[in-house]
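Open the model in your viewer and keep the selection panel at hand. We will go stop by stop, and each stop says what to select and what is there.

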Amino acid sequence: MGFLDSLSGQITNAGKDIKKKAADTAETMRLQNEIRANQSKIDKFCEELGKRVYEEIKDAPDEKYAYYVDNIKKLQERIIDDQNSLRGLKETKVCPECGATVDGSSSFCTFCGTKLS
Ligand SMILES: [Zn+2]
């Protein structure tokens, strides 16, 4: 094989290498995205499964689930306490027309539309 043939062959091989690397990179990204997307779907199914199981067992949880159920209940109570504290902090107005309690910054009742003073 002459020098030019050899050089030509090397250039062709280099071109093939670059094409293969680009294809591999694209395939790597496609696979990583697919893995991430499917892991995300699994996480959502697990979350939904957890919520459904929680609803079924929350009143009489098995020993192995008690820790989770107790923590969820404690956090739910905490949320209710915080929501009540928030209501206490927020200035409110009572609609003279329908009696609804609305945000103090509202100019109109958010329930019936009555103009508030
Ligand atoms: Zn109203």
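Before the first selection, note that this is a predicted model.

**Stop 1: a salt bridge at K51**

Select K51. At 47% relative accessibility, K51 counts as partly exposed. K51 forms a salt bridge with E47, and the closest N and O atoms are 3.4 Å apart. How far apart are K51 and E47 in helix α1? They are four residues apart, so about one helical turn separates them. E47 is partly exposed as well, because its relative accessibility is 46%.

Stay on E47, which is found in helix α1.

**Stop 2: K20 and D24**

Select helix α1 by its range, residues 3-57. Then pick K20 and D24. These two form a salt bridge, with 2.9 Å between the closest N and O atoms. K20 and D24 are four residues apart in helix α1, which means a separation of about one helical turn. D24 has a relative accessible area of 37%, so D24 is partly exposed.

**Stop 3: a linked group**

Next, select E27, R30 and E34. What links E27, R30 and E34? A network of salt bridges does. For the whole structure, the count of salt bridges is seven.

**Stop 4**

Zoom in on L4, which is found in helix α1. Is L4 buried or exposed? L4 is exposed, because its relative accessible area is 62%.

**Stop 5: helix α2**

Move to helix α2, residues 63-89. Select R78 and D82. Their side chains meet in a salt bridge, at 3.9 Å from N to O. R78 and D82 both lie in this helix, four residues apart, or about one turn. Check the two partners for exposure. R78 is exposed, with a relative accessible area of 54%. D82 has 41% relative accessibility, so D82 counts as partly exposed.

Now pick E77, also found in helix α2. E77 counts as exposed because its relative accessibility is 52%. E77 and E55 are 22 residues apart along the chain, and their C-alpha atoms are separated by 16 Å.

**Stop 6: two tyrosines**

Select Y67 and Y68 and show their rings. How many aromatic pairs are there? The count comes to one aromatic pair. Y67 and Y68 form that pair, and its geometry is edge-to-face. The rings are 5.2 Å apart, centre to centre, with 80° between the planes. Y67 is exposed, with a relative accessible area of 59%. Y68 counts as exposed too, because its relative accessibility is 52%.

**Stop 7: the zinc site**

Finish at the zinc ion. Which atoms coordinate the zinc ion? The SG atoms of C95, C98, C109 and C112 do, at 2.3 Å. Why is the arrangement called tetrahedral? The four donor atoms subtend angles of 105 to 116° around the zinc ion, which makes the arrangement tetrahedral.

Trace the donors along the chain. Their spacing is C-x2-C-x10-C-x2-C. Highlight C95 and C112. This pair links distant parts of the chain, 17 residues apart. C95 sits in the loop between β1 (92-94) and β2 (101-103). C112 sits in the segment after β2.

C95 is buried, because its relative accessibility is 2%. C112 is partly exposed, with a relative accessible area of 39%.

How values were computed:
Residues are numbered from 1 along each chain as its sequence is written. This is a predicted model: local features need pLDDT of at least 70, side-chain atom pairs count only at pLDDT 80 or more; totals for chains, interfaces and linings use all residues. Side-chain values use heavy atoms; hydrogens and water are left out. Donors are N, O and S atoms within 2.8 Å of the metal (3.2 Å for Na, K and Ca); water is not among the atoms, so sites may look incomplete. Four donors count as tetrahedral if all angles lie between 85 and 135 degrees; four count as square planar and six as octahedral if opposite donors are over 155 degrees apart and all others between 65 and 115; anything else is irregular. Helices (H or I, at least four residues) and strands (E, at least two) are DSSP runs, numbered from the N terminus. Buried means under 20% relative accessible area, exposed over 50%, partly exposed in between (1.4 Å probe, protein chains only). A salt bridge is a side-chain nitrogen of Lys or Arg within 4 Å of a carboxyl oxygen of Asp or Glu. Rings of Phe, Tyr and Trp (its six-membered ring) pair if their centres lie within 6.5 Å; planes under 30 degrees apart count as stacked, over 60 as edge-to-face and the rest as tilted.
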